[in-house]
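Please look at the sequence and the model first.

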Amino acid sequence: LPNEPTPGTDAALAALLHADDPSQLERDGALGCAKVAAGVAVFVEPAARGRKLGEVLFREAMRACRRLGFGYMLFVERDGGSGKLVRWYEAMGFVQVPPDALPGLDRAMVGALPREDAFYDVDGAVGLEVVQYR
């Protein structure tokens, strides 16, 4: 989100992620407010699913956001109605944002990004190989 204070966003983050305690909010020292990364999408082709590639990609996106100094990530989920994708994001530590909490962000989810030392490898990721191209 823009590099300017967003008190409404800070209040929503405190309510959703920190039991309505704004003192627990991770604030950017220079900005004086929470620094929130806007996620877009992680998509895995159907033929490649079942090997935890989505989890690997999503964790790497969270790690990249943390390295850039963000404390939180917000995105709009695109669950097709089954609830499976929402549950997957919830298992990754994200919560649904009520429609009235951040106007204009229907179906949004938000989560605190783990500290850099809290990231870990994805157990059970199958068929991942690193190939160096020249």
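Buried means under 20% relative accessible area, exposed over 50%, and partly exposed in between (1.4 Å probe, protein chains only). This is a predicted model, in which local features need pLDDT of at least 70 and side-chain atom pairs count only at pLDDT 80 or more, while totals for chains, interfaces and linings use all residues. Residues are numbered from 1 along each chain as its sequence is written, and side-chain values use heavy atoms, leaving out hydrogens and water.

The chain has 3 helices and 4 strands; helices (H or I, at least four residues) and strands (E, at least two) are DSSP runs, numbered from the N terminus. Of its 134 residues, 34% count as buried.

In helix α2, the buried residues include Leu53, Phe58 and Met62. Among the elements that cover the buried residues of α2 are β1 (36-38) and β2 (72-76). Just after α2, Gly69 has a positive phi of about 95°.

The structure holds 6 salt bridges, each a side-chain nitrogen of Lys or Arg within 4 Å of a carboxyl oxygen of Asp or Glu. The table gives examples.

| Pair | N to O distance |
|---|---|
| Glu55 and Arg59 | 3.1 Å |
| Arg63 and Glu60 | 3.1 Å |
| Glu77 and Arg107 | 3.3 Å |

Glu77 lies in the loop between β2 and α3, and Arg107 in the loop between β3 (95-96) and β4 (108-112), so this pair ties together parts 30 residues apart in sequence. Glu77 counts as buried because its relative accessibility is 5%, whereas Arg107, at 39%, counts as partly exposed.

Key. Contact = heavy atoms within 4.5 Å.
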